[in-house]
Amino acid sequence: MSATVDAPRVAVQVIPPADSRAKLRERAFEAALIFALLISLAMLIALFIDVFTKGLPGLSPEFVTDKASAFPANAGIATSLLGTLWLMVVCIVFIVPIGLASAVYLEEYGTDYADQRTWTGRMIGRFNTFVEVNIQNLAAVPSIVYGILGLAFLVRGPLDLGKIILAGGLTLGLLVLPVVIIAGREALRAVPSSIREGSMALGATKWQTIWRQVLPAAVPGVATGVILALSRAIGETAPLLLLGAATFNTQNPSGIFSAISALPLQINTWISAPGADFQALAASAIIVLLVVLVLMNSVAIYLRNRYEQKW
Amino acid sequence: MIDIERDPQTADEKAGGETPFRGMGETASMDTAQAQAPEVTETVREVIFDVKELQVTYPNASAPAVDKISFEMGKNEITALIGPSGCGKSTMLRCLNRMNDLIVGTNVTGQILYHGEDLYGPNVDAVQVRKRIGMVFQKPNPFPKSIYENIAFGPRIIGMEGDMDQIVETALRRGALWDEVKDRLKDNAFGMSGGQQQRLCIARCLAVAPDVILMDEPCSALDPISTGKIEDLMIELKQDYSIVIVTHNMQQAARISDKTAFFVVSLDENDNRTGTVVEFDDTEKIFTNPADERTEAYVTGKMG
């Protein structure tokens, strides 16, 4: 016969004391991370201070509504701002359907036709892989290369459009198209396959499923991607310079067939002009460009938070 | 009880080539077929699905996922597919409305006769099959739209005639959901509880007026109360539809099904899993007096 008796409760140190050196290493690591973050932040703040001290005094409603002028006192950004808007219109009309269609093919159809058991399927599979790899590569190609492309094929060459906004917008569109395709694919991939199955199980065709269920569910992601692509396009200068856009243009553009003008081009012109007056104009124009960029990114963030579907 | 293979009208359909999947005229011909069919008495069992030697192999798999599966499912019956995980119950189920077609390269051999017509026949379109044979999934998968739009989607895409409000109301009533949602039809379906979402998915499936409803573990993500509601609903739906349900819950199979197929999984030398049916019979017999000792071990909880 045995009985259970509680052991006497004596305090024993089981947990070892803190390792002060390990704690120090942890702190040091954290500090290094914050330092790395501060470097990029400091650069941004320095840019802001520089631009705002030089540019803020020159900002006025007239600065936005005045045309370009050889005299700093009369000069404004109306021409280049309108040009930028028209460029973005061309760009968006070009990249949304083409980018989305490419993304839908690669994400929804590409794998279907790549049936490894048949010869044609294997060829299509190889083609799809080739396209996918090259889209990733295209997204990393320097923008000036797209300028050369635009000059050779759009401004001159086969299409021979001349130095018009249509050609400029298409060049910028080609430049950001990979970004749109990649963002579109991610947005489509985020729609769970259970939605596709649910739709197909009701007797919907693949097309009906994509058009009426998958694409509407992917709209917030696609819209975010398109806006981020546009905010890259809006700041591009090099490809437009290469297309041969006039650096001094006092004629407000009236449509896509007008001569190219753009805000970053105007900034480039003013910065390279002699005299502090022009430097101040450039700084003011940079502020306007920054405001437009912040607005666009805010819309993207708003869309993402407002319409994003939690699955 | 006399079981007959299929009623004479279905046999005529097969002979005359008048089959359920011939495009838009289909609904009309089916209605006439049902109207002319001899009155079904309790002793006549009409076969909906006749599965013969079914074998399914997924792409890049070295062994079939299911093999040598043969059994029949009757009209207005609930057929339960039970068995341990990974034994191919869902694979089997997804063959019945050709959802496996969505996985490119899946190889299906053997035959599934649906009302006597080969479901995988050369002239059969999988999209038309799915209009007649609906499916409810394991995890509720409402569309990210309003409750109303969730129901209306199916009828719209198949071009159903009639007042959409009425169609939606009827489907929600049949899905035992109307009273709970009638005041918030415009709300997003994601705001519903899991059990409501699953009943919405059932109602969505009923809205396109299918002939058969396939259910892939419809209650596995739900609490006991929601499960009870869906089980009651299934017994009610049995009057008008034929139901095939995959379930892990043996009590559920015992409670609601008329026939049960017991699946087991066997491993080959490379550990590839292949499922097959060891026993198919009346549910009561499977649970009280099974013929195969493996079935007995499973239903009594000694295995699986």
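User: In β4(B), what is the bridge partner of Thr57(B)?

Analyst: The bridge partner of Thr57(B) in β4(B) is Asn107(B). Before going on, this is a predicted model, in which local features need pLDDT of at least 70, side-chain atom pairs count only at pLDDT 80 or more, and totals for chains, interfaces and linings use all residues. Residues are numbered from 1 along each chain as its sequence is written, chains are lettered from A and ligands numbered from 1 in the order in which they are written, and side-chain values use heavy atoms, with hydrogens and water left out.

User: How many bridges join β1(B) to β4(B)?

Analyst: Seven bridges join β1(B) to β4(B), residues 107-114, and the two run antiparallel. Strands here are DSSP runs of E with at least two residues, helices are runs of H or I with at least four, and both are numbered from the N terminus; two strands pair if DSSP finds at least two bridges between them.

User: And which residue stands opposite Phe49(B) in β2(B)?

Analyst: That is Met73(B); β2(B), residues 66-74, is joined to β1(B) by six bridges, again antiparallel.

User: Is β1(B) mostly covered or uncovered?

Analyst: Strand β1(B), residues 47-57, is mostly covered, with eight of its eleven residues buried, that is, under 20% relative accessible area with a 1.4 Å probe and protein chains only. Across chain B, 55% of the 304 residues count as buried.

User: Switching to chain A, how do the axes of α10(A) and α11(A) cross?

Analyst: The axes of α10(A), residues 263-272, and α11(A), residues 276-307, come within 8 Å and cross at roughly 160°, where axes are lines fitted to C-alpha atoms over the stretch in contact and angles run from 0 to 180 degrees between N-to-C directions. The angle makes α10(A) roughly antiparallel to α11(A), a label for angles over 145 degrees.

User: What classes of residue make that contact?

Analyst: The contact has eleven nonpolar, one polar and no charged residues. Nonpolar covers Ala, Val, Leu, Ile, Met, Phe, Trp, Tyr, Cys and Pro, charged covers Asp, Glu, Lys and Arg, and the others, Gly among them, are polar.

User: At what angle do α5(A) and α6(A) cross?

Analyst: Helix α5(A), residues 143-155, and helix α6(A), residues 165-189, cross at roughly 135°, with axes that come within 9 Å.

Methods. Buried < 20%, exposed > 50% of the residue type's maximum accessible area, 1.4 Å probe, protein only. Parallel < 35°, antiparallel > 145°, perpendicular 65-115°, else oblique.
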